[in-house]
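Here is a short report on one protein chain. Keep the structure in view while you read.

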Amino acid sequence: MAPPGSLVVPVAVLVLVLGGVPWTDGRRSDVRIVTDESWKELLEGEWMIEFYAPWCPACQNLQPEWESFAEWGEDLEINVAKIDVTQQPGLSGRFIITALPTIYHCKDGEFRRYQGPRTKKDFINFVSEKEWKSIEPVSSWFGPGSILMSSMSALFQLSMWIRTCHNYFTEDLGLPVWGSYIVFALATLLSGLLLGLCMIFVADFLCPSKRRRPQPYPSKKLPESSQPLKKVEEDQEADEEDVSEEETERKEGTNKDFPQNAIRQRSVGPSLATDKS
């Protein structure tokens with residue numbers, strides 16, 4: 001007969017194993033539970049995932065069919081899982097769950113939304129006959145592993161955290177509702193100021209501003225930018241001087257010709273008079 005102490009460890013292990021396995025109506029459930037920490041397991045193999053909420057009547061009606069379908073998981077070589085959106089808000093945002101229950105089929109990281117009848121027979125036919133191939137998979141931009149959906153998941157988790165804090169302020173600490181709103185408003189303002197300061201420091205570190213040197217006393221020497229303009233003005237002045245010199249030379253030439261013409265006219269005048277006489 002084995003000593004009583006030697007049975008303690010096996011019994012404890014058995015209790016832990018049985019306690020960690022989901023049970024339904026007193027029997028072991030084949031439906032796996034997926035959380036925010038373990039959702040990346042869905043990227044490998046073939047899965048059927050149900051998103052549900054405990055308070056949802058349609059989800060409650062689906063549970064018996066889903067449990068019966070999970071019993072065929074081993075024969076169909078598929079994993080059957082479910083996600084409680086009230087406990088896993090990050091996954092609710094990652095898959096953009098807008099209606100309950102929502103069922104997804106996943107094959108090696110490609111997600112397709114199941115929109116057929118919700119009976120065990122239809123689930124089995126959908127997997128065994130590979131009806132999922134006729135459904136367009138979710139775009140990589142909106143896949144649960146994309147940056148966009150990861151940001152959406154973080155936003156949903158933040159909203160749930162804010163709700164938890166609000167309930168803590170109003171129920172545990174006894175603050176009025178408007179007092180909780182004031183706390184969140186101050187926290188938002190403070191976080192915005194800190195974020196703005198961090199952005200300014202980062203921008204100043206990456207793109208430091210140039211220090212302005214004091215401007216020297218203005219000298220008579222023109223800057224280089226004004227030298228072409230000065231040269232143009234000098235050329236214009238030189239052209240004007242040339243034009244004025246040409247005009248003066250023309251005037252002088254006309255003045256010299258004028259006396260000679262007058263002398264010729266005078267000399268010609270008496271001869272014309274003698275001829276007339």
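Two residues are in contact when heavy atoms of theirs lie within 4.5 Å. With that in mind, take L62. Leaving aside its neighbours within four places in sequence, L62 is in contact with E50, P101, I103, R118 and F123. The model behind these values is a predicted one.

## The chain as a whole

The protein chain has 277 residues, and buried residues make up 25% of them. Eight helices and seven strands are found in the chain. Its accessible surface comes to about 21,000 Å². Carbon and sulfur atoms account for 60% of that surface. Now consider contacts between residues at least 6 apart in sequence. Of these, 66% join residues at least 24 apart.

In soluble globular proteins, nonpolar side chains tend to be buried together. Here, the largest nonpolar core has 19 residues. Which residues have the most contacts inside this core? They are I49, F51 and F95. Three strands each supply at least two residues of the core: β4 (46-52), β5 (79-84) and β6 (102-107). The largest share, four residues, comes from β4.

F95 shows how such a residue sits among others. Not counting residues up to four places away in sequence, F95 touches L42, F51, Y104, F111 and P144.

A99 lies in the loop between α4 (89-94) and β6. Is A99 buried, exposed or partly exposed? Its relative accessible area is 37%, so A99 is partly exposed; the cut-offs are under 20% for buried and over 50% for exposed. A99 and F51 are 48 residues apart in sequence, yet their C-alpha atoms are 8.9 Å apart in space.

## Helix α2

Helix α2 has 14 residues. From its first C-alpha to its last it reaches 20 Å, close to the 20 Å expected at 1.5 Å a residue. Where does α2 bend? The bend is at Q63 and is about 35°. A proline, P64, follows within four residues.

Several residues of α2 are buried: C59, L62, Q63, W66, E67, F69 and A70. Back to L62, which is found in this helix. Why does L62 count as buried? Its relative accessibility is 4%, and buried means under 20%. L62 and R118 are 56 residues apart in sequence but 7.2 Å apart in space, C-alpha to C-alpha.

K82 belongs to strand β5. At 14% relative accessibility, K82 counts as buried. Which residues does K82 contact, leaving aside its neighbours within four places in sequence? They are V31, R32, I33, V34, E50, Y52, Q63, W66 and E67.

## Aromatic pairs

A pair of aromatic rings is described by the distance of the centres and the angle of the planes. A search of the whole structure finds eleven aromatic pairs. Two of them are set out here.

| Pair | Kind | Centre to centre | Angle between planes |
|---|---|---|---|
| W66 and F123 | edge-to-face | 5.2 Å | 85° |
| F169 and F184 | tilted | 5.9 Å | 55° |

W66 and F123 link distant parts of the chain. W66 is in helix α2 (residues 57-70), and F123 is in helix α5 (residues 120-128). They are 57 residues apart. Both W66 and F123 are buried. Ring pairs also tie W66 and F123 into a cluster with F69, Y114 and F126.

F169 and F184 link distant parts of the chain too. F169 is in helix α6 (residues 147-172), and F184 is in helix α7 (residues 177-206). This pair is 15 residues apart. Both F169 and F184 are buried.

## Helix α7

Helix α7 has 30 residues. It reaches 43 Å from its first C-alpha to its last, close to the 44 Å expected at 1.5 Å a residue. Which residues of α7 are buried? They are G179, S180 and F184. What do the buried residues of α7 pack against? They pack against α6, the helix that holds F169.

Note on methods:
Residues are numbered from 1 along each chain as its sequence is written. This is a predicted model: local features need pLDDT of at least 70, side-chain atom pairs count only at pLDDT 80 or more; totals for chains, interfaces and linings use all residues. Side-chain values use heavy atoms; hydrogens and water are left out. A nonpolar core is a set of buried Ala, Val, Leu, Ile, Met, Phe, Trp, Tyr and Cys residues joined through side-chain atoms within 4.5 Å. Buried means under 20% relative accessible area, exposed over 50%, partly exposed in between (1.4 Å probe, protein chains only). Accessible areas come from the Shrake-Rupley method with a 1.4 Å probe; for residues, only the protein chains shown count as cover. Rings of Phe, Tyr and Trp (its six-membered ring) pair if their centres lie within 6.5 Å; planes under 30 degrees apart count as stacked, over 60 as edge-to-face and the rest as tilted. The expected span of a helix is 1.5 Å times one less than its number of residues. The bend at a residue is the angle between axes fitted to the seven residues ending there and the seven starting there.
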